[in-house]
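Let's take a walk through a protein together. Have a look at the model below, and then we will go from the whole chain down to single side chains.

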Amino acid sequence: MSHRIFIVDDHPISRMGLAQLLRLEQDIEVCGEAGSAREALDRIGESKPDLALIDITLPDKSGLELIKDIAAMYPKVLTLVLSMHDEQLYAERVLRAGGRGYIMKEAAPEHLSRAIRRVLAGDIYVSDAMSMRLLKLFTGKGPERTPASPLERLSDREMEVFQLIGHGKASREIAEQLCISIRTIDAHRAHIKEKLGLKDATELVRYAVRWVETGTM
């Protein structure tokens with residue numbers, strides 16, 4: 001029996017490459033694709049996948065929020081994140097949101113198929129290093145960790161606003177998209193600048209765009 005996989009990534013070439021890679025697996029069927037969170041929610045209902053493979057940076061909503069939406073609307077659909085962004089920044093957030101694993105795009109192709117199969121089998125997939133980090137965090141037996149990146153200081157909502165800034169969205173657009181007030185968005189922007197040590201709005205936009213495009217600040 002084939003496992004049905006749905007791909008969510010805003011880059012058409014990335015989606016094509018992933019689909020071609022997954023179709024090499026005899027027991028995996030790519031049943032649909034989407035380039036945005038909104039499109040994904042519409043099409044997942046039609047295609048009924050077993051698992052959605054999701055990128056974190058989407059043009060209309062954070063992958064974290066999409067994971068939460070899928071869990072609420074389609075609770076039988078498992079979610080696995082495939083992203084260029086550092087696992088240390090996002091893996092814990094993904095698991096808290098209801099995702100079942102995290103794998104970076106730089107991983108070898110065989111790691112992706114292994115991650116998919118492990119999640120479909122009911123397990124969690126993260127790297128060995130991340131697994132040990134989470135275990136120490138859960139048991140409280142590891143040393144108190146310092147953030148690997150200033151972005152770890154941001155809340156999930158602040159990360160979502162930061163991502164949308166990186167996609168070129170103005171405060172009014174972000175407010176409308178997230179259904180919150182412009183004043184709240186401005187407060188988030190101020191908190192983000194403070195936590196990241198950025199001087200002004202121009203620097204915030206520059207860093208956000210770089211992060212969305214390259215995965216680094």
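A residue is called buried when its relative accessible area is under 20%, exposed when that value is over 50%, and partly exposed in between. Keep this in mind as you look around, and remember that what you see is a predicted model.

Let's begin with the whole chain. The protein chain contains 10 helices and five strands. Its radius of gyration is 17 Å, close to the 17 Å that the globule rule gives for 217 residues, so the chain is as compact as a globular protein of that length. Along its principal axes, the C-alpha trace spans about 55 × 40 × 30 Å.

How much of the chain is buried? Buried residues account for 45% of the 217 residues. Of the contacts between residues at least 6 apart in sequence, 64% join residues at least 24 apart.

Now find helix α7, which covers residues 156-166. This helix is mostly covered, with 10 of its 11 residues buried. Among the buried ones are Met159, Val161, Phe162, Leu164 and Ile165, but Asp156, Glu158 and Glu160 are on the list too. What do the buried residues of α7 pack against? Their partners are the helices α3 (63-73), α4 (87-97), α8 (171-178), α9 (182-196) and α10 (201-214). Just after α7, look for Gly168, which takes a positive phi of about 85 degrees.

Next, let's turn to charge. The chain carries 31 positive and 33 negative side chains, and the centres of these two sets lie 3 Å apart. Side chains of opposite charge can pair when their charged atoms come close. Such a pair counts as a salt bridge when a side-chain nitrogen of Lys or Arg is within 4 Å of a carboxyl oxygen of Asp or Glu. By this rule there are 14 salt bridges.

One of them joins the side chains of Arg15 and Glu33, with 3.4 Å from N to O. This pair links distant parts of the chain: Arg15 sits in helix α1 (residues 12-22) and Glu33 in strand β2 (residues 28-34), 18 residues apart. Arg15 is buried, with a relative accessible area of 15%, whereas Glu33, at 25%, counts as partly exposed.

Glu39 and Arg43 meet at 3.0 Å, N to O, and both lie in helix α2 (residues 37-47), four residues apart, or about one turn of the helix. An α-helix has 3.6 residues a turn, so residues three or four places apart point the same way. Both partners are partly exposed: Glu39 has a relative accessibility of 26% and Arg43 one of 39%.

Finally, come back to α7. Glu158 forms a salt bridge with Lys195, where the closest N and O atoms are 2.8 Å apart. Here too distant parts of the chain are linked, since Glu158 belongs to helix α7 and Lys195 to helix α9, 37 residues apart. Glu158 is buried at a relative accessible area of 5%, while Lys195 is partly exposed at 30%. Asp156 also takes part in charge pairing: salt bridges with shared partners join Glu92, Arg93, Arg96 and Asp156 into one network.

Technical notes:
Residues numbered from 1 in each chain as written. Predicted model: local features only at pLDDT ≥ 70, side-chain atom pairs only at ≥ 80, totals over all residues. Heavy atoms only, no water. Helix = DSSP H or I, 4+ residues; strand = E, 2+ residues; numbered from the N terminus. Rg over C-alpha atoms; globule rule 2.2 N^0.38 Å. Buried < 20%, exposed > 50% of the residue type's maximum accessible area, 1.4 Å probe, protein only. Contact = heavy atoms within 4.5 Å. Lys, Arg positive; Asp, Glu negative; His and termini not counted. Charge placed at Lys NZ, Arg CZ, Asp CG, Glu CD.
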